[in-house]
Amino acid sequence: MSTRYPFTAVVGMDDLRLALLLNSVSPAVGGVLVRGEKGTAKSTAVRALAELLPSVAVVADCRFSCDPASPDPGCPDGPHEVGAADARPARMVELPVGASEDRLVGALDIERALAEGVKAFEPGLLAAAHRGILYVDEVNLLHDHLIDLLLDAAAMGQSHVEREGVSVRHAARFLLVGTMNPEEGELRPQLLDRFGLTVEVAASRVPEERVEVVRRRLAFEDDPAAFAARWAGEEAALRARIVAARELLPKVTLGDAVLLQIAATCAAFEVDGMRADIVMARTATALAAWAGRTEVTSDDVRQAALLALPHRRRRNPFDAPGLDEDKLDETLERFKGEDEPDDEPEPDGPGDGGPGDGGPGGGGGGIPPQGDGPAPEQAPAPEEAPAEAPAPAPAPQNSGSGSGPGSGDRAAVQAAEPFRTKTLSVPGLGEGAAGRRSRARTEHGRTTGSTRPRGALTKLHLAATVHAAAPHQKARGRSGPGLVVRRDDLRQATREGREGNLVLFAVDASGSMAARQRMSAVKGAVLSLLLDAYQRRDKVGLITFRGRAAELALPPTSSVDAAATRLEQLPTGGRTPLSAGLLKAHDVLRIERLRDPSRRPLLVVVTDGRATGGGPDPLALAARAARLHAADGTASVVVDCETGPVRLGLAGTLARELGGTAVTLDELRADSIAGLVRDVRDVQDNRFARRAA
């Protein structure tokens, strides 16, 4: 077994280490979501935690790790009699991003269930993680239905597997830890709320701390066993402290004054629902136990708020998580109990668990000392080198676009308020990743038919299976009420749901669009479409064209908020190289089809249809570029930004060349009465009908 990097040797990251330790003391806190840039040792810290957890006693030969003192009465391997028990280390189970539903919750052998009436159940990762840690790296890339199953099990403490009326339940209580890089896309606010605590991590910008990270990393790689032995004493002390805090936890009292502070804080920050109040109460109680106290204080409440509330403040995907600490202090002071002292006594020394010992805000129960060395920051994972300080993302530049003095560039205009848009979808039936935009064959959705299974059966079509087996019952010697079913009789259900698409925006940022009020409306419309793409689980890309060329401002990504940021920084001015924008879009889509053939694209061109520069007849060049998209069968929408009493209708002409449809900014609104919902499918069908005629 490979030696893991010691938890106590991780440099810095006080918030992360404290959040993990609090969940170790009280798994009821609800887990930790770790957000941060690449190379910040998120995975290293989580994996190191497993070595600190006390060993667990389990019923011998129970695949579901039942506690001998109180075995699960509904355990599929039960009932268990009082007898021999085994002790094993707490497990850390990793859920891969590409895992299937059966791998997560377990699989039922439907063939044996139908033919023999036997519940043959193969436990999944939720069963393996019971009474341990379930770790999901890149949780934001996990399919939504898997996240829902995962969080439901974490909230209820049990997993429920059901296939065509055959069901199995088993206990599934675990410490849930997820890590993610926000650059690769955000989690939905509803899913964010299901994580108890959230921590932001970043690489240190202090040279001395970065030196210590490298020194420890190299020492570990040179001799892992010797390095771990150096930190064995600190590891043992921290393990003992976790055990002591667990034993003290039931004795901690949560006074009415502290409960009032918790409720007032959640109300002041307008947090939705009551989960935040409950998580804060559990976190504050765990903080007190971690500090060795039996009473929760205001400092515990403050620290709990900093860990439990920032991610619950998001109202849309473009909001950054955060908390106004001045407002927090003001609220806590206003609702402070009369009998609580104004100032907490200073601890006698570091690591005694007193207020101010680790973590922002000086919450109770700090991080224990880490031995020699400077103030810790982070230890990079074995596969990760310490990240260099990233330069701030520059505003999109357009090389060769004519920017500079005399180019007519104008400062970026703020986007208008976003609105709910009409539904735009890709025609036909796809097979892409699960989403909410276009029709597709999916694992989840309404049943539309059946087919013979390819490989393992996952979704049984019961009626089709019975229909296939019924004619052969006499030949198979059926004598009882049971149905004689063979492998060839089984039928897989085919289901239709929705998929996510690649929505590629090509935005005209030329001088013809540069009127301040007009560009604000255009940005507001694109921002609205981005919000719609976020809600429908799409990937998005952003192309801008102005001056002499087009630029891929944002390559296709799941991070919709990154696209919103680039859009906000978008300057305007110069000529209108419409053909260059369409050709750039064609190149991007060609590459994306090679990378992900199952994800169907939707091209959204935001322009008034004018074209200048690029040749003697720029409109003809644009029409020729548009016909390339039509030949590829790319679904397209042109958002017509032309305004004023005199309109040339060039955007409509462009839409016809693309084989798509044109909508005005007003028609794009879902509440508009300018027309019915514009669906790309209708236009595509009309185009095919014209060709057939």
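In which hand does H1 pass H2 in their crossing? The crossing is right-handed, a term that applies when the near helix is turned clockwise from the far one by less than a right angle, anticlockwise being left-handed.

## The model and its conventions

This is a predicted model, in which local features need pLDDT of at least 70 and side-chain atom pairs count only at pLDDT 80 or more, while totals for chains, interfaces and linings use all residues. Residues are numbered from 1 along each chain as its sequence is written, and side-chain values use heavy atoms, leaving out hydrogens and water.

The protein chain holds 21 helices and 20 strands. Both are DSSP runs numbered from the N terminus, with helices being H or I over at least four residues and strands being E over at least two. Of the 693 residues in the chain, 51% are buried; buried means under 20% relative accessible area, exposed over 50%, and partly exposed in between, with a 1.4 Å probe and protein chains only. Contacts are counted when heavy atoms lie within 4.5 Å. Among contacts in the protein chain between residues at least 6 apart in sequence, 79% join residues at least 24 apart.

## Helices H1 and H2

Let's return to the opening pair. Helix H1 spans residues 14-25 and helix H2 residues 42-49; their axes come within 11 Å and cross at roughly 30°. Axes here are lines fitted to C-alpha atoms, for helices over the stretch in contact, and angles run from 0 to 180 degrees between N-to-C directions. H1 and H2 are therefore roughly parallel to each other, as angles under 35 degrees count as roughly parallel, over 145 as roughly antiparallel, 65 to 115 as roughly perpendicular and the rest as oblique.

On the H1 side, Leu16, Leu20, Leu21 and Ser24 meet Ala45, Val46 and Leu49 of H2. By class, this contact has six nonpolar residues, one polar and no charged ones. The nonpolar class is Ala, Val, Leu, Ile, Met, Phe, Trp, Tyr, Cys and Pro, the charged class is Asp, Glu, Lys and Arg, and the others, Gly among them, are polar.

Two strands pair if DSSP finds at least two bridges between them.

Strand S10 (residues 175-180) is joined by four bridges to strand S1 (residues 32-36), and the two run parallel. Val32 stands opposite Val177 in S10, and Val34 has Thr179 as its bridge partner there. Strand S7 (residues 133-136) is likewise joined to S10 by four bridges and runs parallel with it; here Leu134 stands opposite Leu176.

How many of the six residues of S10 are buried? Six of the six are, leaving S10 mostly covered. Leu175, Val177 and Thr179 point one way from the strand, with Leu176, Gly178 and Met180 pointing the other way. In a regular strand the side chains alternate between the two faces of the sheet.

## The three-stranded antiparallel sheet

Another open sheet has three strands in the order S12-S14-S13, with antiparallel pairing. Strand S12 (434-442) and strand S13 (446-451) each have a single partner strand, so one side of each is left without a neighbour in the sheet. Neighbouring strands here are turned by 30° against each other on average, direction ignored.

S13 pairs with strand S14 (residues 492-499) over five bridges. Arg446 has Glu496 in S14 as its bridge partner.

## Individual residues worth a look

Ala304 sits in helix H13 (residues 298-308) and, at 0% relative accessibility, counts as buried. Ala304 touches Met280, Thr283, Ala284 and Leu287, not counting residues up to four places away in sequence. Ala304 and Ala19 are 285 residues apart in sequence and 9.5 Å apart in space, C-alpha to C-alpha.

Most residues other than glycine have a negative phi. Ala41, in the loop between S1 and H2, has a positive phi of about 65° and is buried, with a relative accessible area of 1%. Glu270 also has a positive phi, near 55°. Glu270 lies in the loop between helix H11 (256-268) and helix H12 (275-290) and is exposed, with a relative accessible area of 55%.
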